[in-house]
Amino acid sequence: MFEFSLHVATIAALYGLLALSLNLQAGFAGLINFGQIALFGCGTYGAALAFDNRLGPVAGLLLGLALVGLLALFFARLGRSLGSDYWGIATLAIGQILLTIATNETWLTGGAQGISGIPQLFAGSSRLQGHLILFGVTVALLLATWWLFHRLTQSKFGLSLRLMREEPQFTASLGYDLDGLRRRAMLVAAVPAALSGFLFAHYMTFVGPDQLFSTETFVIWTMVVIGGFGSHAGVVVGAILTQVLFAAVPFAKDVFGLPSEYVAAMRLTLIGGGLLGFLLLRPQGLVPEKVGSVRG
């Protein structure tokens with residue numbers, strides 16, 4: 001039971017990084033990114049490709065950061081000519097294109113079989129000790145990202161992001177460079193997403209295209225909606241709550257005597273139900289955004 005709880009807590013912390021990343025984009029900058037899982041995939045495949053080419057974890061980390069930086073800049077570049085709605089659709093399409101590449105380019109990504117045998121990042125005296133160390137590192141990274149994003153969004157840069165979210169034309173009329181704001185927001189938000197993917201790859205020891213399905217993006221969106229747009233604490237709470245509910249699904253199946261194939265359906269029901277329920281009944285989320293606390 002301890003190892004299971006540790007696994008749930010580790011996945012919750014990794015998804016907490018993804019939720020903080022998406023919250024900076026959508027909750028503060030108004031960038032509706034439906035391709036968030038592609039940023040995560042840059043980190044996972046960076047680690048996997050480095051391992052597959054007999055390079056070390058440092059090379060995998062650098063490769064993941066380089067890939068996610070390029071993708072983030074490409075996403076930001078799309079924002080110059082597309083409105084927010086169309087930009088969201090475009091990011092979803094790019095995510096699907098990258099999924100298709102990961103599935104079919106067997107020579108590079110291992111295709112549908114993926115890349116397995118990726119070593120644990122931290123080798124303790126036992127497998128459990130290695131997982132404990134990785135969990136500690138993930139939590140420390142989550143807290144550091146939380147603190148950094150809090151400081152960032154309390155600054156004048158955070159105010160400019162909020163202004164762009166609410167009134168982009170007015171923001172431009174004040175002399176702000178909207179393209180520059182998008183680029184900086186995307187680059188900053190992409191880093192924790194790639195780090196989450198890198199740690200996930202070494203934790204699971206396997207990377208495959210099934211980890212890049214668009215449904216995973218909407219899992220992250222569910223976390224942000226439940227927690228509250230523009231609330232760092234809220235989205236982390238949303239990530240923890242969502243993962244705890246997902247972990248409880250198999251137990252609920254056993255309690256009610258449901259077939260095993262109901263597990264995936266119940267997970268999708270939780271995603272859709274959580275999104276709809278909070279959007280309709282509590283759109284501000286569990287921890288609403290605090291307004292008027294930006295420092296000069």
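Helix H10 (residues 214–227) and helix H12 (residues 262–281) have axes that come within 9 Å and cross at roughly 40°. H10 is therefore oblique to H12. The model described here is predicted: local features need pLDDT of at least 70 and side-chain atom pairs count only at pLDDT 80 or more, while totals for chains, interfaces and linings use all residues. Residues are numbered from 1 along each chain as its sequence is written, and side-chain values use heavy atoms, with hydrogens and water left out.

Several terms in this opening require explanation. Helices (H or I, at least four residues) and strands (E, at least two) are DSSP runs, numbered from the N terminus. Axes are lines fitted to C-alpha atoms, for helices over the stretch in contact, and angles run from 0 to 180 degrees between N-to-C directions. Angles under 35 degrees count as roughly parallel, over 145 as roughly antiparallel, 65 to 115 as roughly perpendicular, and the rest as oblique. Two packed helices are described by the angle between their axes and the distance between the axes.

H10 passes H12 in a left-handed crossing; a crossing is left-handed if the near helix is turned anticlockwise from the far one by less than a right angle, and right-handed if clockwise. On the H10 side, the residues in contact (heavy atoms within 4.5 Å) are Thr 215, Glu 216, Phe 218, Val 219, Trp 221, Thr 222, Val 225 and Ile 226. They meet Arg 267, Leu 268, Ile 271, Gly 274, Leu 275, Phe 278 and Leu 279 of H12. By class, this contact of H10 with H12 has 10 nonpolar, three polar and two charged residues. In this classification Ala, Val, Leu, Ile, Met, Phe, Trp, Tyr, Cys and Pro count as nonpolar, Asp, Glu, Lys and Arg as charged, and the others, Gly among them, as polar.

Thr 222 of helix H10 may be examined individually. Thr 222 is buried because its relative accessible area is 2%; buried means under 20% relative accessible area, exposed over 50%, and partly exposed in between (1.4 Å probe, protein chains only). Not counting residues up to four places away in sequence, Thr 222 touches Ile 271 and Leu 275.

A second pair of helices is H3 (residues 57–78) and H4 (residues 84–104), whose axes come within 10 Å and cross at roughly 145°. H3 passes H4 in a right-handed crossing. From H3, the contact involves Leu 71, Phe 74, Phe 75 and Leu 78, and from H4 it involves Trp 87, Ala 90, Thr 91, Ile 94 and Leu 98. The residues of this contact of H3 with H4 divide into eight nonpolar, one polar and no charged.

H4 itself has 21 residues and reaches 30 Å from its first C-alpha to its last, close to the 30 Å expected at 1.5 Å a residue. The expected span of a helix is 1.5 Å times one less than its number of residues. Buried residues in H4 include Trp 87, Gly 88, Ala 90, Thr 91 and Ile 94. The elements that cover the buried residues of H4 include H2, H3, H5 and H9. Helix H6 (residues 127–153) has 27 residues and reaches 38 Å from its first C-alpha to its last, close to the 39 Å expected. Among the buried residues of H6 are Gly 130, His 131, Leu 134 and Thr 138.

Ala 185 is found in helix H9 (residues 178–204), and Ala 29 lies in the loop between helix H1 (2–28) and helix H2 (36–52). Ala 185 is buried, with a relative accessible area of 0%, and Ala 29 counts as buried at 3% relative accessibility. Leaving aside residues up to four places away in sequence, Ala 185 touches Leu 24, Ala 29, Leu 31, Phe 157 and Leu 161. With neighbours within four places likewise left aside, Ala 29 is in contact with Leu 24, Leu 161, Met 164, Arg 165 and Ala 185.

Thr 171 and Ala 112 remain to be described. Thr 171, in helix H8 (residues 168–173), counts as buried at 0% relative accessibility. Ala 112, in the loop between helix H5 (106–109) and strand S1 (115–116), counts as exposed at 55% relative accessibility. Leaving aside its neighbours within four places in sequence, Ala 112 is in contact with Thr 103 and Pro 209.
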